[in-house]
Amino acid sequence: MYSSFLMTISLLASLGTASPPVGAPDSFLKRGLPIHRASFTWNKNCGAHVACGPAAAAKPGIGAAAINTLAFENADGGIDGKGNEPHVYGPNGACGSCWHLQPVSNFYPSNGKSLGTPVVVQINDVCPMDKGYCDQTVEHPTNTGGFDAPVHFDLCSMGDAGEAAKQFFGEIGPGVVTGLAQYDPGCTLLEKGPFGSGAGTLV
């Protein structure tokens, strides 16, 4: 399973690493891993009752997020049952995995206010099959809300973890943002300042 992951990464690397335009294709690499188109929402109901259990509730100084069902269930890089690699890669189980997120444009509200800055979040919950946001399937691996994103993140806005959401959404506040996401093996980018604020941009 791990070897198939490495083979896929090698194949993607052979496609080239030139900086892409906004809405980068998933073949673009940074740190040897693909960058995915992503959509993001603001979650105000993210207490201790999360899919990863009470121990995975938002922790001080670390942003938290739910990830779409397809990515959550295929986060071990396993085969999807049709002989294809899943669209999104992660560790053996999504719980506790970290993702580097970069806002690119505000989908709603279109209020002319400024977006925030990139953050690193830890996955502690699963986003149900919400139509338009988290409805990716093996047959249709991108969401249907006009975002064309293989992965969706619902950022926790409660408590200390909510500071990451505020940093990410900026002046827009609660709403819908599109952008980019990359898996962070070992959560190493959490060391780059509060909420991974020093991790820089993905493109």
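**Disulfides and barrel**

Me: Is Cys187 buried or exposed?
Reply: This is a predicted model, and the value is computed from it. The relative accessible area of Cys187 is 15%. The cut-off for buried is under 20%. Cys187 is therefore buried.

Me: Which residue does Cys187 join in a disulfide?
Reply: Cys187 sits in the segment after E8. The S to S distance is 2.1 Å. The partner is Cys98.

Me: What is the handedness of the disulfide of Cys98 and Cys187?
Reply: Cys98 is buried at 0% relative accessibility. The torsion about the S-S bond is about 95°, so the disulfide of Cys98 and Cys187 is right-handed.

Me: How many residues apart in sequence are the parts tied together by Cys52 and Cys95?
Reply: The sulfur atoms of Cys52 and Cys95 are 2.0 Å apart. Cys52 lies in the loop between E3 and E4, and Cys95 in the loop between helix H2 and E5. The pair therefore ties together parts whose separation in sequence is 43 residues.

Me: What pattern do the disulfides of the chain follow?
Reply: The structure holds four disulfides. One of them joins Cys127 and Cys134, with the sulfur atoms 2.0 Å apart. Counting bonded cysteines along the chain gives 1-7, 2-3, 4-8, 5-6.

Me: Which backbone nitrogen lies 2.9 Å from a polar atom of the Asn68 side chain?
Reply: Asn68 is in strand E4 and is buried, at 0% relative accessibility. Its contacts beyond four places in sequence include Cys127, Cys134, Val151 and His152. The backbone nitrogen at 2.9 Å belongs to His152.

Me: What is the order of strands in the closed barrel?
Reply: The barrel has six strands with mixed pairing. Neighbouring strands are turned by 45° against each other on average, direction ignored. E3 and E7 run parallel, joined by six bridges, and Ala38 stands opposite Val151 in E7. The order is E3-E7-E4-E6-E5-E8.

Me: At what angle to E3 does helix H3 run?
Reply: Helix H3 covers residues 162-169. The helix lies across E3, E4, E5, E6, E7 and E8. Its angle to E3 is about 120°.

Technical notes:
Residues numbered from 1 in each chain as written. Predicted model: local features only at pLDDT ≥ 70, side-chain atom pairs only at ≥ 80, totals over all residues. Heavy atoms only, no water. Pairing = 2+ DSSP bridges. Helix = DSSP H or I, 4+ residues; strand = E, 2+ residues; numbered from the N terminus. Axes fitted to C-alpha atoms, helices over the stretch in contact; angles between N-to-C directions. Contact = heavy atoms within 4.5 Å. Buried < 20%, exposed > 50% of the residue type's maximum accessible area, 1.4 Å probe, protein only. Polar contact = N/O pair within 3.5 Å; in protein donor to acceptor, adjacent residues only side chain to side chain. Disulfide = S-S within 2.5 Å.
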